[in-house]
Amino acid sequence: CLRSVFEDQKVVPNVIVSDNSTMDHVGIGKLGSKYPFTYVRQSGELSMTEHHNACLNLPSTRWLWLVHDDDELYPESVIKVESFLAGCENAGIVLGGVEYIDPRGRTVGKWIPKVNGTFRGEEGLLRLGLDFGAFSPGTIFTVAASREIGGFVDINGVCADYPFSAQLAFSYGVVFRPELL
C-alpha cells in the first residue's frame, strides 16, 4: 500500500498509518525511514469497527481515503482524485472503481460505477444499490459527515461498510467516479 502511494503517485497526500496490532513490528521503523508518514499506535485491543472509527478521528483534512495494508492505489490516482474532490463539496462519500487482484497479480474481479454524478436521499440510495461493490480503496469519506453520523457500525463483530456508506449517501450525498482508483 505504501509503495503504491509514495512511489506511484506524482502528488503524495498526508499519510497516517494507524496500527492496531498487539506487538511492535521492526518493519514499521524500516518503512518509516523509507516513506514520510505519520505513525499512530493504537492499543492493539480495538475491534475492527473501533479501529475504523479511530481512523475517522485522525485526519485534519476534509476527506479521508481509508486504505488497508493490502490495498494499492492506481498510479496517478491521487492527483486525479484531489482535483475531482474540489467539485464534491456537497457529498458525504465518493465512490470510485476497484479491481480485485489475487496474489499472483491476476484480476479476479472489478467494479466500476455505472453512473456519474452526485445523488442524495432516496435517489442516492437507489443509485448506490444493494450490492454496490465498492470497498477500500474505492471509497473516500467526508470526515465531518462521517463523524456526525457516528462512524462505522458493528454487525456481529464486523465493521459494516454498507450501512455507513448508505447513511452517508442518503444524508449527505454520494458522488460516483466511474474510474478505477
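Predicted model: local features only at pLDDT ≥ 70, side-chain atom pairs only at ≥ 80, totals over all residues.
User: What makes Phe6 and Tyr35 an aromatic pair, and why is the pair called stacked?

Analyst: Rings of Phe, Tyr and Trp (its six-membered ring) pair if their centres lie within 6.5 Å; planes under 30 degrees apart count as stacked, over 60 as edge-to-face and the rest as tilted. The centres of Phe6 and Tyr35 are 5.0 Å apart and the planes form an angle of 15°, so the pair is stacked. By this rule the count comes to 5 aromatic pairs.

User: Where in the chain do Phe6 and Tyr35 lie?

Analyst: Phe6 belongs to helix H1 (residues 2–6), and Tyr35 to the loop between helix H2 (26–34) and strand S2 (38–41); the two are 29 residues apart. Helices (H or I, at least four residues) and strands (E, at least two) are DSSP runs, numbered from the N terminus.

User: Are Phe6 and Tyr35 buried or exposed?

Analyst: Buried means under 20% relative accessible area, exposed over 50%, partly exposed in between (1.4 Å probe, protein chains only). Phe6 has 15% and Tyr35 has 7%, so both are buried.

User: Why is the pair of Phe119 and Phe176 called tilted?

Analyst: The centres are 6.1 Å apart and the planes stand at 55°, which falls between the stacked and edge-to-face limits, so the pair is tilted. Phe119 lies in strand S6 (residues 117–119) and Phe176 in strand S10 (residues 174–180), 57 residues apart. Phe119 is buried at 10%, and Phe176 is buried at 2%.

User: How do you know that the charge of Arg177 sits over the ring of Phe84?

Analyst: The criterion is NZ of Lys or CZ of Arg within 6 Å of the ring centre and within 35 degrees of the ring normal. The charged end of Arg177 sits over the Phe84 ring, 4.6 Å from its centre.

User: Why is helix H3 described as largely enclosed?

Analyst: In helix H3 (residues 48–56), 7 of the 9 residues are buried, so the helix is largely enclosed by the rest of the structure. Among the buried residues are His51, His52 and Cys55.

Terms used
Residues numbered from 1 in each chain as written. Heavy atoms only, no water.
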